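Me: I have a protein chain open next to its sequence and would like to go through it slowly. Could you help me read it?

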Amino acid sequence: MGLVMGTFSMQSKQVSYHKDKADDDLEMTMVCHRPEGLDQLEAQTNFSKRELQVLYRGFKNECPSGIVNEETFKQIYSQFFPHGDASTYAHFLFNAFDTTNSGSIKFEDFVTALSILLRGSITEKLQWTFNLYDINRDGYINKEEMTDIVRAIYDMMGKYTYPVLKTDAPKQHVDAFFQKMDKNRDGVVTLDEFIFSCQEDDNIMRSLQLFENVI
């Protein structure tokens, strides 16, 4: 997740901080989609107005139209994984950002998700991750969904995955996931089971704190 966040935040750092409100208003009139006002986004997220301005300029630098379709999202994300195929994982990630199933990601979608992943509570972060894994959005993670996610991650890492993966590695990973998460052994993982199991795991808890100070 930090990789897709970094795409826009790194680009935004190249932009001068000295543009005034008139410049911002002019920029916003030149795009296909004009985002909500900064005051409203500031109230809806955990970002300051200045942070939102920087994020918007980075977003617009990558996406001049003001929206991101799936193909563009995949192109941006794949830049971080030149030795693997990130397209499938990027597809799942895109769907997690596109909460309205519109087929595109607006700045509001992007910054709302970013706010959760960087500044949200532990529960909010885990809920977002659960929704990423719950591919069909039925409220459960089944073994087929988890297998698709794991294979997508392995494909994305490519030949530089260490240690070198065996052909049965995805199955082993999924079996371990369900052994840990599926508390009642009914073959699916619910949100409550997922959150409870993650909160028991110190490694997962530490990983959730990694990007809190990115911006």
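Me: Let's start with α7: which of its residues are buried?

Reply: The buried residues of α7 are F107, E108, D109, F110, V111, A113, L114, S115, L117 and L118, where buried means under 20% relative accessible area, exposed means over 50%, and partly exposed lies in between, with a 1.4 Å probe and protein chains only. That is 10 of the 13 residues of α7, so this helix is largely enclosed by the rest of the structure. Please keep in mind that this is a predicted model, in which local features need pLDDT of at least 70 and side-chain atom pairs count only at pLDDT 80 or more, while totals for chains, interfaces and linings use all residues. Residues are numbered from 1 along each chain as its sequence is written, and side-chain values use heavy atoms, with hydrogens and water left out.

Me: How far should α7 span, and how far apart are its ends?

Reply: At 1.5 Å a residue, its 13 residues should span 18 Å, and the end C-alpha atoms are 17 Å apart, which agrees; the expected span is 1.5 Å times one less than the number of residues.

Me: OK, zooming out, how many helices and strands are there in the protein?

Reply: The protein has 12 helices and 4 strands, which are DSSP runs numbered from the N terminus, with helices being H or I of at least four residues and strands E of at least two. Of its 215 residues, 43% count as buried.

Me: What does UniProt list for "domain: EF-hand"?

Reply: The unreviewed entry lists residues 85-120, 121-156 and 169-204 under that name; UniProt positions are given in the numbering used here, feature names are shortened, and annotations may be inferred rather than shown by experiment. In the model, residues 85-120 are 67% helix and 8% strand, with end C-alpha atoms 30 Å apart, and residues 121-156 are 72% helix and 8% strand, with end C-alpha atoms 28 Å apart.

Me: Switching to rings, how many aromatic pairs does the structure hold?

Reply: It holds 14 aromatic pairs, where rings of Phe, Tyr and Trp (its six-membered ring) pair if their centres lie within 6.5 Å, and planes under 30 degrees apart count as stacked, over 60 as edge-to-face and the rest as tilted. One of them joins Y56 and F107 edge-to-face, at 5.3 Å centre to centre and 80° between the planes. Y56 lies in helix α4 (residues 49-62) and F107 in helix α7 (residues 107-119), so the pair ties together parts that are 51 residues apart in sequence.

Me: And what about Y133 and F194?

Reply: Y133 and F194 also form an edge-to-face pair, 6.1 Å centre to centre with 90° between the planes. Since Y133 belongs to helix α8 (residues 122-133) and F194 to helix α11 (residues 191-200), the pair ties together parts that are 61 residues apart in sequence. Y133 is buried at a relative accessible area of 17%, and F194 counts as buried at 3%.

Me: Last one: is K74 buried, partly exposed or exposed, and what does it touch?

Reply: K74, which lies in helix α5 (residues 70-78), is partly exposed, with a relative accessible area of 22%. Not counting residues up to four places away in sequence, K74 touches S87, A90 and H91, and a contact means heavy atoms within 4.5 Å.
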